[in-house]
Amino acid sequence: MYNLSLKLTDMCTHCGFCLETCPTYVVTRNEVHSPRGRIEAIRAGINSIGFQTCMYCRLCETACPAGVKYGQIIIPFRKSDLKKVIIEKLLENPKLFSKVLKYTNKIHHPDMERFRKFIKDYEITEPLENNDEGDIILFPGCIESILFRKTVENAFKLLSKRYKVRILNGCCGLAHISNGNYEGAKKLAEKLSREVNGKKVVTLQSNCAAFMKEYKELFGIEINSYDFAEFLIKESIEVPRINDTFTIHYPCHAYRQGLTKYIKELALRLGVKISEMEDPYFECGAGGDYWLSHPKLSDLVMKAKKEKIDKSGVKKVIVTNSVCALAIRSMGYEVFHLADLIFQSQ
Amino acid sequence: MFIYFKLNSIIIIYKLRLKIMIVMLIDRLKEVVGEEWVITGEDTELYSYPAFIPLKVNPPIVVLPGSEEEVIELVNLLNENNVKYLVRGSGTSLSGSTTPTQGEVVISLTRLNKIYSFEGYEITVGPGLANFMINKFLSTSNLFYAPDPSSYVVSSIGGNISHDSGGMHTPKYGTTFDSVVKLKVLLPDGSVDEIGGSNFFDPTSIFVGAEGTLGIILRATLRLFPRPEKSKTLMASFNSIEDAARAVINVFRCGVTPAAMEFLDKNSIIAIENTQYKANYPITEAILLIELDGYSENVEEEEVRVIKAIRESKGEIHVPKDEEEKNRWWWGRKGAFPSFAYYSPAYLTLDANVPRSTLPTILKFIYDISKKYGLPVANSFHAGDGTLHPLIGFNPKNVDETINAIRAAEEITKFAIKLGGVPSGEHGIGIEKIKFMKLYYSEDDLEIMRRIRNSFDVKGLLNRCKLIPPSKGEICNVVNKIHSYLLEGDI
């Protein structure tokens, strides 16, 4: 993998066009914490601290004129540790994760104190489960399933009106790949592929759908995945009208994969007024588990994000990715998943 | 031999002294800017070069001050200790003006990116602000900042001023020079001066394009233009380079100054059509992308005249059918440089500026040079103001091929000067084109430049051995064969 990474760095012409899209560069203005700097460190064989400060939002790829595959280049240089391994294992089993969280949430430890700043104890629930043989698969996503169970219930009820729905709780592997655990992510992709067996998979975390669409390039595995909004648009599912004004956050991976156009289109079909925030695709600051592993940088990015959201002039934000929702509501906004909006107005 | 030995000894002693000095300085630098803003060790390599690829030199230390006061304190500290330094913005220089060849401490000004004020037709900003942030800030206003170098999404205002950056809209709106009203500069002696706004001996002019050799720009007040009421895009395709070049001249002759007039040759068109920038251009010998802007009646009249001039030059006119097609055409032009990856993993970008009437001659010469050296070339450039951008492909991992590319570039630039052109239209001289200064300017001219520079930089600490060729007694650290060739070449 190291050799492949090094080979992929050949495409980089050091132009720097990526810099201003990178959240850690934007808040530090330091080449060490920039995509160009990280690529240069790989070329030069430097063990730079910048490898670990990357939020893995990969917005740099959207700005790169040469099409450099930064997301793949950085994978073998991301360091894992025991804490990350434990978190990965728990994300793979949301039910166990919710039980562990219920217990550990009371512990006095800096990580848990940070956790409590974003999540209230009563919000941790066990995931919604069913054992039906579905026509389609509802894949809530690891965090969505245990912290936003209400959204899962709403989406399940909505989809169940037209389809036989099977709920599949687990992790798509994005957390793993972000930690540099390529093999772990691949195993999850293979497992998921077996379990869904060619059926349509609808995710409630937009970034999960985005990552599943990358399985083919990364692992040679194809999954018929849809983000919730994408599914509703492509299946021409009618939605009610809502008379309210929102701004929309575009989750980073979903934005890169072109999924945010469905999120916006669905919002428009709902009839909501959209007051755009500045750079809706700019990283929210959560970055998977980054908000726990790098609190200082994460807070700086959240501050920058808040300034961008403030420019919309509204307090209600449509957020279709659970960790983004945690970050954005911690800034003082009300967050709404499209599934909640649709369900509530029916 | 003795002189060589003596020179080498002096350089070795200087380097040793510098290393000791740097170690002693680190703690004091950290006191000024805070520990996290001083980069030492391996990570300094990330500041070893900007977007000029052939030469990399590690700086001993990188400092990222967070305020004007910190910059002033830093400069005083470096001055007291006689330590060389240079200033870097976003690191997008194509001429290598921020490559620390003389062992300079790099001061990165990226954190000085505030917008201080916006009043009337002027905006005051910090040097580290990226160019595009100004128009983003002005998005709800009816004004805009005109200079738009291709790197505008990242290149800093300080860097734009220091290189007098141009862009696509120079024919009508000028280069950065025409948009600078006032500057707040930190001089190498540690004093701060606010300059500009005067009709007599206005010193802002020499800071524009000084490439960081006279002082540090701390703040810039820039001129804004009203947004044009109407903008119209036309594309013209040609079966010969000569016809396209003649069309450029004829458009100006018919009394029209286009807002932008961009030239793409067949090699550029093919590259673009084979990458993500695909614009569905006609595959032809050359195309011109033309933008006309202003009041509606004006634009309509200009359009009639331009179409006539193009047709008289045997060109075919294409009008975009919708906004999407128009944007795709311009997006294709923006992708001309990165699309060159279709031919080669790296390229040199020249920017000699020539009289528009010589375009057919110089373009033919460029193709001949490509054949002579066996290196790929493509031309996508600002025809409106005669700023060429021949891209010369090479493999940066191969030193001989790199030098070959530099040689090819050298022949082109020399020919451009012979045709009445200037070595650099917008990327600056830096280390890339320093040897051409001797061709374009007389020794007397250069001596005057040195004296002006030395009157600012008395101690000789600020970005030396760039822009102005060193005087006879001046010692420059020569890093390697490539650097040596860049400095002297076959001049």
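**Entry 1: ground rules and overall size**

The radius of gyration is taken over C-alpha atoms, and the globule rule I set beside it is 2.2 Å times the number of residues to the power 0.38. This is a predicted model, so I kept in mind that local features need pLDDT of at least 70, that side-chain atom pairs count only at pLDDT 80 or more, and that totals for chains, interfaces and linings use all residues. Residues are numbered from 1 along each chain as its sequence is written, while chains are lettered from A and ligands numbered from 1 in the order in which they are written.

I began with chain B. For its 491 residues a compact globule would have a radius of gyration near 23 Å, and chain B agrees, with 23 Å. I then looked at its C-alpha atoms along the principal axes and found that they fill a box of roughly 70 × 55 × 45 Å. I counted 15 helices and 18 strands in chain B; both are DSSP runs numbered from the N terminus, helices being H or I with at least four residues and strands E with at least two.

Chain A came next, with 22 helices and 8 strands. Its radius of gyration is 19 Å, close to the 20 Å that the globule rule gives for 346 residues, so chain A is as compact as a globular protein of that length. Its C-alpha trace spans about 55 × 45 × 45 Å along the principal axes.

**Entry 2: where the chains meet**

I looked up the contact between the chains, counting two residues as in contact if their C-beta atoms, placed from the backbone, lie within 7 Å. Chain A gives 22 residues to this contact and chain B gives 26 residues.

**Entry 3: domains**

The bounds I used here come from an automatic or database domain assignment. In chain A, the assignment gives domain 1 (2-77), domain 2 (82-233) and domain 3 (240-344). I checked domains 1 and 3 of chain A, and their C-alpha centres lie 25 Å apart. Here 12 residues of domain 1 of chain A are in contact with 14 residues of domain 3 of chain A. On the domain 1 side, the elements giving two or more residues are helix H2 (23-28) and helix H5 (59-63) of chain A. H2(A) provides the largest share of that side, 4 residues. By class, that side of domain 1 of chain A has 7 nonpolar, 3 polar and 2 charged residues.

Chain B is divided into domain 1 (2-108), domain 2 (115-226), domain 3 (228-339), domain 4 (343-428) and domain 5 (434-479). I found 28 Å between the C-alpha centres of domain 2 of chain B and domain 3 of chain B. Their contact joins 5 residues of domain 2 of chain B to 8 residues of domain 3 of chain B. The domain 2 side has 2 nonpolar, 2 polar and 1 charged residues.

**Entry 4: helix pairs in chain B**

My axes are lines fitted to C-alpha atoms, for helices over the stretch in contact, with angles from 0 to 180 degrees between N-to-C directions. A crossing is right-handed if the near helix is turned clockwise from the far one by less than a right angle, and left-handed if anticlockwise.

I started with helix H7 (residues 241-253) of chain B and H11(B), whose axes come within 9 Å and cross at roughly 145°. H7(B) passes H11(B) in a right-handed crossing. Here B:Ile241, B:Glu242, B:Ala245 and B:Val248 in H7(B) meet B:Leu359, B:Pro360 and B:Leu363 in H11(B). I noted 6 nonpolar, no polar and 1 charged residues in this contact.

H7(B) also crosses helix H9 (residues 296-312) of chain B at roughly 145°, and their axes come within 8 Å. This crossing is right-handed. B:Ala247, B:Asn250 and B:Val251 in H7(B) meet B:Val306, B:Ala309, B:Ile310 and B:Glu312 in H9(B).

Last, I looked at H11 (residues 359-373) and H12 (residues 399-418) of chain B, which pack at an angle of about 155° with axes 10 Å apart. That makes H11(B) roughly antiparallel to H12(B), a word I use for angles over 145 degrees.

Terms used. Angles under 35 degrees count as roughly parallel, over 145 as roughly antiparallel, 65 to 115 as roughly perpendicular and the rest as oblique. Ala, Val, Leu, Ile, Met, Phe, Trp, Tyr, Cys and Pro count as nonpolar, Asp, Glu, Lys and Arg as charged, and the others, Gly among them, as polar.
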